Amino acid sequence: MQAEHLIGVVGNDLDAAINNLFPDRNDTDKLEQRSHEARAAELPALDQQEAQPIASTLSGYIQLIDSEALVEIATAHDLVLRVQIQPGQFIVQGSPLVHVWAKTCVNDEHKAVKQLRASFTIGKQRTQPQHVQFAIQQLVEIAVRALSPSVNDPFTAIMCINRLGGALCRVPGRLPAPPYYYDDANRLRLILSPLKFIHMIEASFDQIRQYGYSSVPVLVRLLEILKMIAERTDDPEHRTALLRQAHMIERACQGAVPEPNDQEKIARRYQAILQYQP
């Protein structure tokens with residue numbers, strides 16, 4: 001019961017994080033902002049070699065990236081910024097937080113640098129705000145521990161798979177996270193590297209598949225969930241990532257599942273997802 005409660009709490013956190021990062025297409029307040037994604041052709045030519053890196057002064061987990069503050073700073077100082085890290089990622093002191101395109105040299109004496117660094121919250125632990133992958137990792141950790149030989153609890157692992165699958169099924173029909181942010185004069189100010197759906201798929205299922213390769217109920221449920229997600233997307237890249245997971249499950253079961261009837265049960269689910277090949 002304790003595990004079921006924890007899975008429910010983390011699953012709710014994951015749903016809330018997805019709602020925040022991938023708004024519903026009927027959310028008109030987000031439509032104008034997300035329309036910038038279609039303006040990639042209008043991007044100015046940005047030479048990566050001309051970008052000036054602003055290094056982190058700390059080591060730790062990126063807990064929060066304040067995109068609104070970054071746009072304000074870039075507007076005030078006439079900068080274009082590119083952030084290639086994401087919340088939840090571990091950064092080492094001296095590694096770039098943000099790359100800057102500016103008309104003048106941007107070093108530690110530049111008054112914008114302190115403001116830019118302050119737009120990133122860095123701590124010793126991962127935290128939930130903004131961080132879809134953190135909730136995914138929590139559910140995966142519960143599932144992996146449940147699949148350990150000392151615990152051997154496939155039912156808990158399957159509950160985690162169900163919550164992960166239910167959350168991922170909601171993403172394809174929602175608005176993607178925007179990579180481009182503009183000021184009020186429609187000048188590009190910030191480029192982010194948004195979380196991609198294929199990375200969410202990998203984060204959700206790679207470790208569970210690796211640790212649950214000999215558990216027939218776990219493999220069967222993984223294939224069923226992959227099919228459910230595939231039914232809800234027509235994106236070739238998404239379906240390729242889902243089919244890749246299914247292929248790896250099918251290959252793993254050939255050496256790890258000795259019972260022919262169990263192999264046949266897995267094969268039926270595997271064949272069912274093949275109809276969604278892009």
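**Figure 1. Buried residues of helix H9 in the predicted model.** His238, Arg239, Ala241, Leu242, Leu243, Gln245, Ala246, Met248, Ile249 and Cys253 are the buried residues of helix H9. The model shown here and in the following views is predicted. Among the elements that cover these buried residues are H7, H8 and H10. Helix H9 runs over residues 236-256 and comprises 21 residues. From first to last C-alpha, H9 reaches 30 Å, close to the 30 Å expected at 1.5 Å a residue.

**Figure 2. Overview of the chain.** The chain contains 10 helices and 8 strands. Along the principal axes, its C-alpha atoms fill a box of roughly 70 × 40 × 35 Å. Of the 278 residues in the chain, 46% are buried. When contacts between residues at least 6 apart in sequence are considered, 76% of them join residues at least 24 apart.

**Figure 3. Packing of helix H6 against helix H7.** Helix H6 (residues 154-170) and helix H7 (residues 197-211) pack with their axes 11 Å apart and at an angle of about 170°. Because angles over 145 degrees count as roughly antiparallel, the two helices H6 and H7 are described as roughly antiparallel to each other. On the H6 side, the contact is made by Ile161, Leu164 and Leu168. Helix H7 contributes Phe197, Met200, Ile201, Ser204, Phe205 and Ile208. By residue class, the contact of H6 with H7 divides into 8 nonpolar residues, 1 polar residue and no charged residues.

**Figure 4. Surroundings of isoleucine 208.** Isoleucine 208 is located in helix H7. With a relative accessible area of 0%, isoleucine 208 is buried. Apart from neighbours within four places in sequence, isoleucine 208 is in contact with Val140, Ala143, Val144, Leu147, Ile161, Leu164, Val218 and Leu222. Ile161 and Leu164 also belong to the H6 side of the contact between H6 and H7, in which Ile208 takes part on the H7 side. Val140, Ala143 and Val144 are, in turn, among the buried residues of H5. Isoleucine 191 provides a reference point elsewhere in the chain: it is 17 residues from isoleucine 208 in sequence and 33 Å from it in space, C-alpha to C-alpha.

**Figure 5. Helix H5 and its cover.** Helix H5 is mostly covered, with 11 of its 15 residues buried. The buried residues are Val132, Gln133, Phe134, Ala135, Ile136, Leu139, Val140, Ile142, Ala143, Val144 and Ala146. They pack against helix H1 (2-21), H6 and H7.

**Figure 6. Salt bridge between arginine 170 and aspartate 15.** The side chains of arginine 170 and aspartate 15 meet in a salt bridge with an N to O distance of 3.4 Å. This pair links distant parts of the chain, as arginine 170 lies in helix H6 and aspartate 15 in helix H1, 155 residues apart. Arginine 170 counts as partly exposed, at 27% relative accessibility. Aspartate 15 likewise counts as partly exposed, at 21% relative accessibility.

**Figure 7. Salt bridges of glutamate 224.** The side chain of glutamate 224 meets that of arginine 221 in a salt bridge (2.9 Å, N to O). Both residues lie in helix H8 (residues 216-231); they are 3 residues apart and are therefore separated by about one helical turn. Glutamate 224 also meets arginine 269 in a salt bridge (3.2 Å, N to O). Since glutamate 224 lies in helix H8 and arginine 269 in helix H10 (residues 260-273), this pair ties together parts that are 45 residues apart in sequence. Glutamate 224 is partly exposed, with a relative accessible area of 23%. Arginine 221 is partly exposed at 22% relative accessible area, and arginine 269 is partly exposed at 22%.

**Figure 8. Salt-bridge network.** A network of salt bridges links Asp78, Lys103, Asp183, Arg187 and Arg189.

Definitions and conventions
Residues numbered from 1 in each chain as written. Predicted model: local features only at pLDDT ≥ 70, side-chain atom pairs only at ≥ 80, totals over all residues. Heavy atoms only, no water. Axes fitted to C-alpha atoms, helices over the stretch in contact; angles between N-to-C directions. Helix = DSSP H or I, 4+ residues; strand = E, 2+ residues; numbered from the N terminus. Parallel < 35°, antiparallel > 145°, perpendicular 65-115°, else oblique. Contact = heavy atoms within 4.5 Å. Nonpolar A, V, L, I, M, F, W, Y, C, P; charged D, E, K, R; others polar. Buried < 20%, exposed > 50% of the residue type's maximum accessible area, 1.4 Å probe, protein only. Salt bridge = Lys/Arg side-chain N within 4 Å of Asp/Glu carboxyl O. Expected span 1.5 Å × (residues − 1).
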